[in-house]
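Please look over the sequence and the model before reading on.

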Amino acid sequence: MTDPTDDSQAAQRQAALHYHQHPKPGKLEIRATKPLANGRDLARAYSPGVADASTAIHENPETARDYTARGNLVAVVSNGTAVLGLGNIGALASKPVMEGKAVLFKKFAGIDCFDIEVNESDPRRLADIVCALEPTFGAINLEDIKAPDCFVVERLCRERMNIPVFHDDQHGTAIVVGAAALNALRLTGRDWGDIKVVSTGGGAAGIACLNMLVTLGVKRENVFLCDLAGLVHEGRTEDMTEEKAAFAQSGGPRTLDDVIEGADLFLGLSGPGVLKPEMVARMSAKPIIFALANPNPEIVYDLAKSTAPDAVIATGRSDHPNQVNNVLCFPFIFRGALDVGATEINEAMKVGCVEGIAALARATTSAEAAAAYQGEQLTFGADYLIPKPFDPRLMGVVASAVAEAAMESGVATRPIDDMKAYKANLDASVFKSSMIMRPVFAAAAQAQRRIVFAEGEDERVLRAAHAMIEETTDIPILIGRPDVIDTRIERAGLALVVDRDFEVVNPESDPRYRDYWETYHALMARRGVATDLARAVMRTNTTAIGAVMVHRGEADSLICGTFGQFLWHLRYVTDVLGQGGLHPVGALSLMILEDGPLFIADTHVHAQPTPDQIAETVIACARHVRRFGVEPRIALCSGSQFGNLDSASGQCMRAAMARLDAMALDFQYEGEMNVDAALDPELRARFLADCRMNGPANVLVFASTDAAGATRNILKARAGGLEVGPILMGMGNKAHIVTPSITARGLLNISALAGTPVTHYG
């Protein structure tokens with residue numbers, strides 16, 4: 001009978017192999033960052049233009065960072081003698097692991113990376129090879145080199161090279177362990193100088209972790225290191241190294257069982273089953289257990305927890321809380337080091353990294369991390385000592401802490417003048433909307449506005465409200481049931497308190513209910529809404545409630561649409577707020593793409609707009625695009641190309657152009673044209689030599705919501721576009737209707753737009 005476990009493992013293996021083989025072998029490729037489309041480009045990329053760059057570097061080696069990729073290029077170097085979980089498999093077999101490390105560098109920190117696998121087992125010769133690579137790289141990441149050879153290689157390279165050299169197996173693990181231990185001590189009320197540490201292992205990672213704990217304040221005499229030969233003690237000769245000897249205890253031979261009594265922290269980087277339940281029972285109260293052997297820890301998580309229910313536990317596994325994962329550290333410590341031109345990664349930078357990671361775990365969890373780890377409790381505590389790898393705030397927090405530590409310790413050759421701006425740029429590299437949203441947030445900061453959220457019980461809304469409080473001066477108002485809101489705030493681990501941080505409007509029992517339904521009835525009585533219906537709407541329709549609040553001046557702007565259909569919400573928004581000349585002109589979506597922003601309209605409001613409506617949309621687009629600090633270049637898009645087809649969309653766009661031409665407008669617009677012509681000036685010039693628009697269009701206005709919506713969705717699904725919006729134009733910034741796919745950060749962006757005073761933009 002076939003064991004189903006065997007079938008499952010075989011399927012997982014096949015899936016992993018398929019992942020590595022298709023659509024092309026491996027996980028990396030090299031792409032050019034400069035155009036090479038013609039003879040001019042060739043002359044600049046190679047001969048003769050390349051000689052100018054080489055000459056400049058020869059005259060001033062520091063300019064290599066300016067004219068080559070060296071300043072953002074890291075080498076991952078291994079000889080494959082200690083590959084995690086696989087052992088000494090050799091350089092060639094280690095290549096998939098090193099490629100994977102390179103992918104993580106790029107994914108998490110935007111760092112380019114070459115993996116270099118070297119067939120050399122002699123540590124001194126390996127160090128010679130690595131040192132010879134210094135002209136190519138801005139930093140070196142040593143990986144999966146066995147102990148004690150790794151100590152020799154790193155020491156020699158650090159002594160001889162003037163760029164950062166970092167053995168991640170040692171120091172990356174140590175930094176994450178340090179962050180987890182810092183928070184574990186904070187959680188259990190302990191101090192570094194008072195704790196007893198018992199460790200098993202004695203390899204590269206184990207020694208580095210102990211050194212880090214000593215740096216953080218643990219007393220060396222309180223560290224008991226055990227390996228296969230027992231306790232490391234004075235006079236021992238068996239399997240000893242210089243690194244182990246630094247932790248030798250006085251007295252004769254002892255075992256792990258002998259020294260575990262009263263231990264506050266167990267640190268395991270050894271093998272499975274080393275720590276027995278009876279040993280855990282003899283540790284101090286609220287023991288801290290870091291069982292980091294992979295894939296099988298020194299003690300099984302459930303067994304440790306059942307033995308000591310108050311234990312704080314970390315492992316190296318992703319299926320248990322508190323996974324000690326080097327990806328929390330290495331991309332960001334290299335990011336900070338490269339950005340300030342550090343000549344090394346020193347202890348101060350490592351400690352800065354520890355403190356940054358630990359502080360982030362104590363902060364409120366980001367919406368992005370919560371979305372990536374749905375179903376997990378991400379609130380600081382025994383099961384959440386360190387942040388998750390996909391927390392996008394790691395870049396800004398950790399890399400800036402490392403950069404600052406490098407400057408303060410004197411190893412930065414290119415100090416950063418404005419650390420606040422540097423952190424903002426790091427955040428912008430992760431949050432794609434950050435850079436273009438800066439003018440909007442700056443404008444919103446000029447006034448304090450009250451933003452009411454119709455779907456106040458939605459976790460995305462709660463996270464957006466929390467971010468509003470942290471990042472803006474606006475005041476969130478949430479429509480929803482208070483008990484539901486409180487439960488979801490607690491579940492999400494958000495530091496929000498009703499009446500202190502936000503106001504709640506309870507549809508079931510708000511004391512203003514009578515005022516609201518009477519207001520709504522007064523607006524709608526001659527449009528078929530009877531008294532009973534007005535009462536029912538004000539009990540059940542949160543969009544209508546929010547609109548009435550804005551109408552009554554109790555809120556400045558409404559945000560709705562996290563569920564439901566856009567036009568359904570628009571109906572109630574228009575009914576209540578469509579007065580004094582306000583009416584929905586169109587919906588504008590900002591798509592943030594790799595090569596810059598592109599605005600799309602009208603994505604939702606007018607299914608088949610008239611020429612007048614298109615002209616009005618174009619003017620509104622120009623006004624709103626300028627909110628982002630972008631000068632509009634608007635293309636009126638159609639299947640017709642400057643009159644070559646007499647289609648309905650072509651006729652409509654030509655009529656809209658005539659209306660626009662009759663006005664004195666201060667922005668560029670052109671049409672009617674195909675989308676490719678709008679985005680390619682050279683192609684456009686073939687059809688119309690005297691085109692009035694310079695450069696590629698940054699706003700595309702379509703003749704139907706079908707065309708605009710399809711373009712928006714294609715850019716999101718296939719081009720990796722990030723949407724800001726939709727922005728409801730024409731309603732005086734009194735309401736914005738989002739779509740159900742919006743994220744918490746998307747809601748924050750819309751709230752910033754809603755937070756801009758209406759005197760600035762209509």
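The text below describes a sheet, the pairing within it, and the nonpolar cores of this predicted model.

An open sheet is built from 6 strands, and their order across it is 18-17-19-16-15-20. The pairing in this sheet is mixed. Which strands stand at the edges? They are strand 18 and strand 20 (722-729). Each of these two has a single partner strand, so one side of each lacks a neighbour in the sheet. On average, neighbouring strands of the sheet are turned by 20° against each other, direction ignored. In general, the strands of a sheet pair through backbone hydrogen bonds, and the pairing is either parallel or antiparallel.

**Strand 17 and its partners**

Strand 17 covers residues 633-637 and runs parallel to strand 18. Strand 17 also runs parallel to strand 19. The table sets out the two pairings.

| Pairing | Bridges | Direction |
|---|---|---|
| Strand 17 (residues 633-637) with strand 18 | 5 bridges | parallel |
| Strand 17 with strand 19 (residues 699-701) | 3 bridges | parallel |

Ala-635 takes part on both sides: Glu-670 stands opposite Ala-635 in strand 18, and Leu-700 is the bridge partner of Ala-635 in strand 19.

Is strand 18 mostly covered or mostly uncovered? Strand 18 (residues 668-673) is mostly covered, with 5 of its 6 residues buried.

In soluble globular proteins, nonpolar side chains tend to be buried together. Here, the largest nonpolar core holds 100 residues, and within it Ile-140 and Phe-290 touch the most other members. Helix 8 gives the most to this core, with 10 residues. Apart from this core lies another of 59 residues, including Ala-622, Leu-660, Val-724 and Ala-752.

Beyond its neighbours within four places in sequence, Ile-140 is in contact with Ala-75, Val-77, Val-130, Met-161, Ile-163, Pro-164, Val-165, Phe-166 and Phe-334.

**Thr-173 in helix 8**

Helix 8 spans residues 168-188 and contains Thr-173. Why is Thr-173 classed as buried? Its relative accessible area is 10%, and buried means under 20%. Not counting residues up to four places away in sequence, Thr-173 touches Asp-168, Ala-205, Cys-209, Leu-269, Val-324 and Asn-326.

Methods
Residues numbered from 1 in each chain as written. Predicted model: local features only at pLDDT ≥ 70, side-chain atom pairs only at ≥ 80, totals over all residues. Heavy atoms only, no water. Buried < 20%, exposed > 50% of the residue type's maximum accessible area, 1.4 Å probe, protein only. Helix = DSSP H or I, 4+ residues; strand = E, 2+ residues; numbered from the N terminus. Pairing = 2+ DSSP bridges. Contact = heavy atoms within 4.5 Å. Axes fitted to C-alpha atoms, helices over the stretch in contact; angles between N-to-C directions. Core = buried A, V, L, I, M, F, W, Y, C linked by side-chain atoms within 4.5 Å.
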